[in-house]
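Please keep the sequence and the 3D view open while reading.

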Amino acid sequence: MKEQLIKAMQRNQFLNMMYMAKDGNVSKRRIKIIKIVGDSFQAYCFTKQAKRTFIIENVLAVVPVIHKERSVC
């Protein structure tokens, strides 16, 4: 998973992410990774409209956002 996140950061990609919080709740987020440090990473979360820190092992899945999906019609 870490390698996938590093590639997305290097390519400046937006990602759709399924993430499990500490309390066990699963959420879907749209993010753009800012930096990766050790076992966590900082990203801008478009869902919450704020910078957030995520733990890599709690990421369940990531999928790159296709350019067509970015634009709002």
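## The sheet

Strands E2 and E3 pair in the antiparallel sense, and six bridges hold this pairing. Helices (H or I, at least four residues) and strands (E, at least two) are DSSP runs that are numbered from the N terminus, and two strands pair if DSSP finds at least two bridges between them. This is a predicted model, in which local features need pLDDT of at least 70 and side-chain atom pairs count only at pLDDT 80 or more, while totals for chains, interfaces and linings use all residues. Residues are numbered from 1 along each chain as its sequence is written, and side-chain values use heavy atoms, with hydrogens and water left out.

Between E2 and E3 the bridge partner of Ile31 is Cys45 in E3, and in the hairpin of these strands, with two residues between them, Gly38 takes a positive phi near 60°. Ile31 in E2 also stands opposite Leu15, and E1 and E2 run antiparallel, joined by seven bridges. Their hairpin has five residues between the strands, and there Gly24 takes a positive phi near 95°. Ala21 lies in the loop between E1 and E2.

## The order of the strands

The open sheet is formed by five strands in the order E4-E3-E2-E1-E5, with antiparallel pairing. E4 and strand E5 (59–64) stand at the edges with a single partner strand each, so one side of each is left without a neighbour in the sheet. On average, neighbouring strands of this sheet are turned by 45° against each other, direction ignored; axes here are lines fitted to C-alpha atoms, for helices over the stretch in contact, and angles run from 0 to 180 degrees between N-to-C directions.

Helix H1 (residues 2–10) packs on the sheet, where it touches E1, strand E2 (26–37), E3 and E5, and the direction of H1 makes about 70° with that of E2. Contact means heavy atoms within 4.5 Å.

E3 and E4 run antiparallel and are joined by six bridges. Gln42 stands opposite Thr53 in E4, and the C-alpha atoms of these two residues, eleven residues apart along the chain, are separated by 4.4 Å. Is Thr53 buried or exposed? Thr53 counts as exposed, because its relative accessibility is 56% (buried means under 20% relative accessible area, exposed over 50%, and partly exposed in between, with a 1.4 Å probe and protein chains only). Leaving aside neighbours within four places in sequence, Thr53 is in contact with Ser40, Phe41 and Gln42.

## The nonpolar core

A nonpolar core is a set of buried Ala, Val, Leu, Ile, Met, Phe, Trp, Tyr and Cys residues joined through side-chain atoms within 4.5 Å. The largest one has 14 residues, and those with the most contacts inside it are Leu5, Leu15, Met17, Ile31, Ile33, Phe41 and Phe54. The elements giving two or more residues to this core are H1, E1, E2, E3 and E5.

Phe41 is in contact, once neighbours within four places in sequence are left aside, with residues including Leu5, Met17, Ile31, Ile33, Phe54 and Val59.

The structure holds four aromatic pairs. The rings of Phe14 and Phe46 have their centres 5.1 Å apart and their planes at 15°, so this pair is stacked (rings of Phe, Tyr and Trp, the last by its six-membered ring, pair if their centres lie within 6.5 Å; planes under 30 degrees apart count as stacked, over 60 as edge-to-face and the rest as tilted). The pair links distant parts of the chain, since Phe14 is in strand E1 and Phe46 is in the loop between strand E3 (40–45) and strand E4 (50–55), 32 residues apart. Ring pairs link Phe14, Tyr44 and Phe46 into a cluster. Phe14 counts as buried at 18% relative accessibility, whereas Phe46 is partly exposed, with a relative accessible area of 32%.

Asn16 is found in strand E1 (residues 14–20) as well, and with a relative accessible area of 15% Asn16 is buried. The side chain of Asn16 makes a polar contact with the side chain of Arg30 at 3.0 Å; a polar contact is a pair of N or O atoms within 3.5 Å, where, within protein, one must be able to donate a hydrogen and the other to accept it, and residues adjacent in sequence count only if both atoms are side-chain atoms. The C-alpha atoms of Phe14 and Arg30, 16 residues apart along the chain, are separated by 6.9 Å.
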